[in-house]
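Look at the fold first as a whole, then at a few single residues. The report below follows that order.

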Amino acid sequence: PLCANRWKGCHCKKGDCRTSQCPCWAAGRECDPDICHCAASEFADAGCEACMPKWGGGEEYCMPCDGGAAAAKADVEAAVPCRNMGLLLREHKPLLLGPSQVAGWGLFSHGSIERQELVTEYVGELVSHEEADRRGQVYDRRACTYLFNLNAAQVVDACPKGNMSRFANHSDKANCDTKIMTVRGDQHIGLYAKERIGRGEEIFFNYRWDEAIREKHGFEAGRGGPRKRLREGGGAAG
C-alpha cells in the first residue's frame, strides 16, 4: 500500500501551476512529472525515458535514440507547458554582469523577464550552520559574503563555488523574490521575478537583514548596500 504521507501532486489546468491554486506551488514544491496530473505529466509522453532529467542533465535532456536527441528535445519542450518545472528543467534566464550603482558588481537581465518567471537558481557549496558561522567570521572582515540559509541544517555558500546569482545585490524594493522549492526531494533556492523586468535592468532581492545589521552598516530603507551574511531562506522574500 502507498504511504499515506506521500505527496499526491496536483491536478491543475495548463497555466495554473505557478499560482496559489496549485498545491505544489503553495507548498514550495515543483511539479513532478511522475506524480502530478497537470501538464507536467505530458513530459513523460514526449519521448523516451532517457529524456527525463533524472540526473540533472542540464541542456542535454535526451540521449541519442531512434528519433535523435535534437528531435526528442524539441518534442519535450513543445509538450511541457507546466510553468512550475523551471528548476527541474534548468530554465534559467540569460543574465549579465556589470558595475552596479549599489555596490561593486551587479546582476543584470539580458532580455525582458515576465512576472513570476524563474530568473535563476542560487547555488553554491552546502555547509552546516556551524561551518557557516566559522566562515562568516572570516567573510565579515571582507564585508562581502555569499551565505544563504537553506534550511535548519544547511547553508549555501556561493563564495568558493557558485554561479552569477551571487552578484545580485540587496534592495528593500527588490524586483525579485527568493523561494526555497522542493524538487524531487531536494531543496533548491529559486530567484523569481516579482514584476516585469526590462532588458538591462539590475536584479535585486531582499536579503532580509535584521535591524542590528542594518544599523551597523547604515542601511537606508529602499536602497542597496554591501553584501552581508546571512541571506535568509524560507518562503518568498519581500
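Helices (H or I, at least four residues) and strands (E, at least two) are DSSP runs, numbered from the N terminus. The chain has five helices and ten strands. This is a predicted model, in which local features need pLDDT of at least 70, side-chain atom pairs count only at pLDDT 80 or more, and totals for chains, interfaces and linings use all residues. Residues are numbered from 1 along each chain as its sequence is written, and side-chain values use heavy atoms, with hydrogens and water left out.

**The whole chain**

Buried means under 20% relative accessible area, exposed over 50%, and partly exposed in between (1.4 Å probe, protein chains only). Of the chain's 238 residues, 44% count as buried. Contact means heavy atoms within 4.5 Å. Among contacts with a separation of 6 or more, 68% join residues 24 or more positions apart.

**Nonpolar cores**

A nonpolar core is a set of buried Ala, Val, Leu, Ile, Met, Phe, Trp, Tyr and Cys residues joined through side-chain atoms within 4.5 Å. The largest one holds 21 residues. Cys10, Cys17, Cys22, Cys31, Cys38 and Cys82 touch the most other members. Two or more residues each come from α1 (23-26), α3 (86-89) and β8 (176-183). The largest share, three residues, is from α3. Another core lies apart from this one, with 20 residues, including Val119 and Tyr207.

| Residue | In contact with (heavy atoms within 4.5 Å) |
|---|---|
| Cysteine 82 | Cys17, Cys31, Cys38, Ala39 and Ala40 |
| Glutamate 121 | Leu87, His92, Asn163, Ser165, His188 and Ile189 |
| Alanine 174 | Lys194, Phe204, Phe205 and Asn206 |

Glutamate 121 lies in strand β3 (residues 118-122). A salt bridge is a side-chain nitrogen of Lys or Arg within 4 Å of a carboxyl oxygen of Asp or Glu. Glutamate 121 is buried yet has none. Lys and Arg count as positive and Asp and Glu as negative, while His and the chain ends are not counted. The nearest side chain of opposite charge is arginine 90, 6.0 Å away.

Alanine 174 sits in the loop between β7 (169-170) and β8. Is alanine 174 buried or exposed? Alanine 174 counts as buried because its relative accessibility is 5%. Phenylalanine 204 is 30 residues from alanine 174 in sequence, but their C-alpha atoms are 4.8 Å apart.

**A partly exposed tryptophan**

Tryptophan 105 is placed in strand β2 (residues 105-109). Its relative accessibility is 49%, so tryptophan 105 counts as partly exposed.

Notes
Lists of a residue's contacts leave out its neighbours within four places in sequence.
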